[in-house]
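Please keep the sequence and the model in view while reading.

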Amino acid sequence: MSGYKTTGVKTLMLFSGRGYPELAVEVATHLGVDPTPTQLYDFANGEIYVRFDESVRGCDAFVVQSHTAPINKWLMEQLIMVDALKRASAKRITVVAPFYPYARQDKKHRGREPISARLVADLFKTAGADRLMVVDLHTSQSQGFFDGPVDHLFALPLLAEYLENKLDTSRVTIVAPDAGRVRVAERWTDRLGCPLAIIHKRRDPNVPNEVKMFEVVGEVQNRICIVVDDMIDTAGTITKSAEALIANGAEDVVAAATHGVLSGPAVDRLKNSQIGEVVVTNTLPIGDEQRFDKLTVLSIAPLIGRAIGEVFGDGSVTSLFDGNA
């Protein structure tokens, strides 16, 4: 006999960056584990130090980081954590990025621009990640940027269940705020059995986060309109969409999005808008200063926890979405 066999026991270990540790703790609670004790701090010149206080050899590692501002710091921290796990002989490393950084830079709109979403995927792979787990990418085809398995989770069931229980769906119209969201909006109409409307918008290519013109296509008069999007950043698109819908006779407007980025003037814009309610998930931290009466935040942690459990147990992530993931 030239060798011997051992009966190994799989070990799930969850690691949290400093971007949003509260979410990682919530995910860990659903999994019935504790986040692995980790030393994380900045040197005086801004460099990041990482060391895990427990052995990670042979473990199935899940590294959770929410890429909120300052996004470049938390991205670098997660990359360093992955590198440390690789060098400490973790068996498999899964990057859990509920909000994938640079997701909107997924193609070249004009010459001499980067495709930063691809660069981020390459960085994760080079650092040592074997697998990615993300929630509602800006465009689904970005999964192809990563050379390995990608678990693309959807917040639609969570958001839709909340609104189903609150609204009369026979009076609801699902609204895509632009042509790029039509496929997502169609999933909503399939789920709720509602008609679809589309808002056509034009942007100034020289002014970021600025929309110039809106046209509504579809029946919205005297109806409750749910505007669905993957994220609310500065809230310019969503608030102007609401104005266009109300101008076309909509009775009420509800905004539903997975990622509440809420940058800059977003909170003031939403507070003073004609939107009746804003529903987001907690893929990103939403501080007290960003909260307002119209805002409802749903927890994404149970979904991420179940997905991690399926990956660890070699189960089916698709089963979490009734086979429609």
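In which sense do β6 and β7 pair, and over how many bridges? The two strands, β6 and β7, pair in the parallel sense over 4 bridges. This is a predicted model, in which local features need pLDDT of at least 70 and side-chain atom pairs count only at pLDDT 80 or more, while totals for chains, interfaces and linings use all residues. Residues are numbered from 1 along each chain as its sequence is written, and side-chain values use heavy atoms, with hydrogens and water left out.

**The sheet**

- An open sheet is formed by 5 strands in the order β1-β4-β5-β6-β7, with parallel pairing; strands are DSSP runs of E of at least two residues, helices are runs of H or I of at least four, and both are numbered from the N terminus.
- At the edges lie β1 (12–16) and β7 (150–153), each of which pairs on one side only; two strands pair if DSSP finds at least two bridges between them.
- From one strand to the next, the twist averages 15°, where axes are lines fitted to C-alpha atoms and angles run from 0 to 180 degrees between N-to-C directions.

**Leu153 in β7**

- Leu153 is found in strand β7, and Val135 stands opposite Leu153.
- Leu153 counts as buried because its relative accessibility is 0%; buried means under 20% relative accessible area, exposed over 50%, and partly exposed in between, with a 1.4 Å probe and protein chains only.
- Leu153 touches residues including Met133, Val135, Leu303 and Phe321, contact meaning heavy atoms within 4.5 Å.
- Leu153 and Leu137 lie 16 residues apart in sequence and 8.6 Å apart in space, C-alpha to C-alpha.

**Helix α3**

- Helix α3 (residues 116–127) has 12 residues and reaches 16 Å from its first C-alpha to its last, close to the 16 Å expected, the expected span being 1.5 Å times one less than the number of residues.
- The buried residues of α3 are Ser116, Ala117, Val120, Ala121, Phe124 and Ala127.
- These residues lie on the same side of α3 because they cover an arc of only 150° around the axis, taken from the directions from the helix axis to the C-beta atoms.
- The buried residues of α3 pack against α2 (71–87), β5 (92–97) and β6 (131–135).
- Just after α3, Gly128 takes a positive phi of about 130°.

**Thr258 in β12**

- Thr258 has its place in strand β12 (residues 252–260) and counts as buried at 3% relative accessibility.
- Among the residues that Thr258 touches are Val135, Asp136, Leu159 and Thr281.

Note on methods:
Lists of a residue's contacts leave out its neighbours within four places in sequence.
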